[in-house]
Amino acid sequence: RKLFGENDLYQNARRALHSTCPTTMPGRQKELDELKGFILGHVDKGTSGTLYISGPPGTGKTASLNLILEDSKISAEISQVYVNCTSIKSSGSIFSRIAKDLGVKSGGNSEKEYISAVEKHLQRPHKTILLVLDEIDQLESKRQSVLYTIFEWPAIPNSRVILVGIANALDLTDRILPRLQARCELKPQLMHFAPYTKQQLVEIFTSRLRDAGVLDIFSPVALQMLAGKVAAVSGDVRRALDIGRRVVELVDKRRTGDGVLKAVENLAEELESEKKIESVDLKEVVSVLNSVYGTTQSFDDEVDDAFPLQQKIVVCSLLLILNKAKNKDVTVGRLHDVYRRVCSKRNIQVGDH
Amino acid sequence: SLTCRRKCYYYESCSESEDSDAQEIFINVKRKVKTPVKYNDETYISPFKSLRITDEAHVTPVKNKALAKDIFCEAKTPKNSAKKATPRSTIKLIREGVITPKVQSRSRTLELESTPLKRARSQLHVSYVPTNLPCREKEYKDIFNFLEGKLLDKCGGCMYISGVPGTGKTATVTSVINQLVTLAKAGDLPEFQYVNINGMKLTEPRQAYVEIVKQLVGKTVTWEQAQTTLEEKFTKKSKQMKLPIILLVDELDIVCTKRQDVVYNILDWPTKPNTQLIVITIANTMDLPERLLMNRVTSRLGLTRLTFQAYTHKQLQEIVAKRLAGTNSFNPDAVQLVARKVASVSGDARRALDICRRAAEIAETEGGDTQVTMSHVNEALRAMITQPKVRAIKHCSRLEQYVLQAVISEVERTGIEETIFSDVYRMLVSICAINGFNLVSCTVALRAVSRLGACRLLLVDQKCHDLDERIILNVSPDDVYYALKEE
């Protein structure tokens with residue numbers, strides 16, 4: 001398999017369509033500039049600020065923050081703390097984690113002592129701290145004391161904290177932190193990551209495939225189709241990349257399957273045919289999309305009778321009850337009575353309860 | 001039993017009333033057995049002496065006991081001689097993985113399967129997994145391609161596998177991984193580590209971290225420590241892992257909690273750059289990601305999914321036939337009957353194999369090498385599939401049967417499913433009168449009701465007792481009529 005160069009093309013394409021954090025973000029230039037402007041503005045002025053980023057999953061929130069954190073100019077001037085809030089034990093233990101990451105020593109092990117240690121550190125002169133809390137809705141606690149404590153840090157005199165919270169909900173700060181609205185300096189600036197549009201998804205795909213040098217593996221029509229479908233349903237780039245990868249896998253599998261057959265016939269002919277690259281067509285994209293977004297199961301005619309007969313009868317009798325009876329509250333006993341009658345009419349052995 | 005006891009007593013008193021000579025011999029014999037060396041020569045002893053002897057005999061065991069204790073103590077003085085591990089240090093060794101758990105081995109070797117039926121039975125056992133699974137070639141290829149692709153591409157990913165119980169999900173995945181291990185040993189694939197956790201084997205979802213660390217490193221730590229080590233391993237560049245890891249999570253729905261942090265973390269690690277974690281998740285529900293998981297977890301789980309359909313009767317027949325290859329102890333028609341019966345109800349391969357084993361056991365009772373025929377299978381099916389309730393009603397006492405009848409007629413009279421004991425009792429009185437049965441008291445009837453409640457033929461409310469106890473019939477009235485009519 002390693003002999004053929006074209007296989008590497010498909011592998012490259014699959015690798016290029018990975019869903020890990022990318023190094024460039026084609027569709028998010030505006031947001032990235034805005035973020036950078038926000039952070040650099042606060043760094044230059046020496047002030048602190050709060051930012052809340054919202055958006056549905058798979059719109060590149062964490063990825064853009066990661067890009068910002070790796071920016072050489074920013075990382076030189078700022079000490080960064082990145083915490084994913086799902087990875088901590090409970091909402092209270094966030095403080096010990098922050099204290100550890102900031103390198104602050106506390107007097108004791110309790111939550112209060114960690115808070116006071118961090119706050120003391122903030123009052124002393126220090127480098128600007130960029131505190132990124134990912135999945136911030138996991139920090140909800142009784143009376144939201146944890147979130148309020150953290151969101152009040154930027155207002156501590158002499159502190160230089162840039163707090164960035166990331167979550168899915170659009171109105172999280174308004175809904176669970178209403179008291180922040182009362183004070184203007186505490187109110188977080190809001191930023192929304194809208195779901196990717198079709199154009200942006202196409203842009204992401206083309207840039208990634210171009211970087212890997214395998215742009216001609218996808219035909220433009222297929223790409224448009226894929227992007228349009230995903231953008232219409234969710235706008236989640238992880239899904240788009242996933243489908244793209246699966247399409248490539250499908251084509252690769254089919255082609256290697258052919259290759260084995262040809263190898264038996266004639267090796268030279270096979271090498272000849274391998275040279276032209278089979279590009280992903282509209283047909284494959286449509287078939288993968290149908291299997292993903294279609295109805296729950298696409299039954300082949302062969303698989304059709306795989307559904308056990310008794311289960312079919314049970315479902316049909318349930319339908320019968322729901323259609324005919326006024327009382328939609330169906331107990332197992334009631335269902336069994338109808339099912340038994342159906343079975344006896346059809347001359348089929350009755351299963352027990 | 002009373003008469004029997006009386007007999008015993010009578011026998012004892014008889015032996016007591018016998019004359020002293022007999023008693024003497026009796027004691028003598030007894031003594032002889034106990035200490036045969038000392039008193040061997042003296043055959044005739046006066047009753048008085050014998051009494052003393054018995055006294056002595058009483059004493060000697062105590063002495064022996066004291067002696068035994070001494071010996072025991074001497075044998076168990078390891079403190080001076082050898083350093084034996086205290087429990088605490090043993091636990092430490094277990095946690096660090098130095099000591100491996102062992103099960104006591106058999107004292108005798110196992111017998112080999114002699115008869116063809118026995119061999120067939122051992123091959124039909126559910127735990128015997130064949131080297132290649134019949135009727136799952138397509139799924140096997142899908143999973144193999146996915147894992148091979150990920151290993152060759154050197155990137156992480158997730159896959160979700162679903163299907164009803166007994167359709168070969170876990171068996172397929174493990175056989176794929178075995179194949180990959182042999183390929184990796186031969187050098188055709190990059191080497192990898194394999195971790196396998198099962199949601200049902202964890203006392204708590206967070207114990208998943210502990211289990212993963214235990215299988216990777218071999219040490220047992222608390223879950224907080226385990227989580228931090230795993231997170232550092234997967235996210236920090238400096239502590240990067242060397243080998244790719246394939247993680248199989250069985251029973252995914254058990255790992256989900258309200259916060260869903262464990263499942264989020266498990267599915268989030270593959271998306272991190274410069275790690276290579278491949279996660280395969282298995283559950284029963286087809287739409288678990290959409291139904292139970294949070295939005296952001298579903299997004300990470302991706303769309304690579306595979307559904308295992310229930311086996312059809314042809315496939316079940318092929319599975320059983322593959323297992324029985326080499327033995328001709330099963331009639332093909334019998335196998336087909338099992339396959340058709342099981343495929344019509346659930347399509348569960350385990351059930352088909354169990355029924356075949358049961359049929360083989362039934363055939364074995366008739367002789368070592370009889371062939372399993374339709375009649376054996378029918379008997380096994382009757383025992384395993386058909387209704388036990390009718391038989392339970394048939395074997396109830398007559399009073400209990402009348403109680404069931406009374407409940408039914410009370411339900412028919414009022415038209416409400418729930419009945420009250422006082423009404424049932426009134427109905428019971430009239431049914432008893434019609435059948436010429438002696439009238440029973442309220443307490444006896446109540447006891448019958450509670451017996452029926454204990455074997456779940458009736459549902460009885462535990463809170464209020466006596467006359468206003470509420471009763472619901474737990475079997476269908478047709479079953480009761482059917483069971484009582486045939487008598």
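Student: Is Arg470(B) buried, partly exposed or exposed, and what is its relative accessible area?

Tutor: Let's start with the words. Buried means under 20% relative accessible area, exposed means over 50%, and partly exposed lies in between, with a 1.4 Å probe and protein chains only. Arg470(B) has a relative accessible area of 35%, so Arg470(B) is partly exposed. Before we go on, this is a predicted model, where local features need pLDDT of at least 70 and side-chain atom pairs count only at pLDDT 80 or more, while totals for chains, interfaces and linings use all residues. Residues are numbered from 1 along each chain as its sequence is written, chains are lettered from A and ligands numbered from 1 in the order in which they are written, and side-chain values use heavy atoms, with hydrogens and water left out.

Student: Which side chain does Arg470(B) meet in a salt bridge?

Tutor: Here is the general idea. Side chains of opposite charge can pair when their charged atoms come close. A salt bridge is counted when a side-chain nitrogen of Lys or Arg is within 4 Å of a carboxyl oxygen of Asp or Glu. Arg470(B) meets Asp461(B) in this way, at 2.6 Å from N to O.

Student: How many salt bridges are there over all chains?

Tutor: The search finds 28 in the whole structure. One of them pairs Arg14(A) with Asp153(B), with the closest N and O atoms 2.6 Å apart. Arg14(A) lies in helix α1 (residues 5–16) of chain A and Asp153(B) in helix α7 (residues 137–153) of chain B, so this pair joins two chains. Both Arg14(A) and Asp153(B) are buried. Helices here are DSSP runs of H or I with at least four residues, strands are runs of E with at least two, and both are numbered from the N terminus.

Student: Which salt bridge links distant parts of the chain?

Tutor: Look at Arg206(B) and Asp261(B), whose closest N and O atoms are 3.5 Å apart in a salt bridge. Arg206(B) sits in the loop between β2 (193–198) and α9 (207–217) of chain B, and Asp261(B) belongs to helix α12 (residues 261–268) of chain B, 55 residues apart. Arg206(B) is buried at 19% relative accessible area, and Asp261(B) is buried at 4%.

Student: How do I read a sheet, and what is the order of the open sheet of three strands?

Tutor: Strands of a sheet pair through backbone hydrogen bonds, either parallel or antiparallel. Two strands are taken to pair if DSSP finds at least two bridges between them. In chain B, the open sheet has the order β6-β8-β7, with antiparallel pairing. β6 (419–420) and β7 (458–460) stand at the edges, each with a single partner strand, so one side of each has no neighbour in the sheet. Three bridges join β7(B) to β8 (residues 470–473) of chain B, and Val460(B) stands opposite Ile471(B) in β8(B).

Student: Which residues of helix α5 of chain A are buried?

Tutor: An α-helix has 3.6 residues a turn, so residues three or four places apart point the same way. In α5 (residues 94–102) of chain A, the buried ones are Ile94(A), Phe95(A), Arg97(A), Ile98(A), Ala99(A) and Leu102(A). Their cover, judged by contact (heavy atoms within 4.5 Å), includes β2 (78–84), α6 (111–123), β3 (128–134) and α7 (145–152) of chain A together with α10 (223–235) of chain B. Just after α5(A), Gly103(A) takes a positive phi of about 75°.
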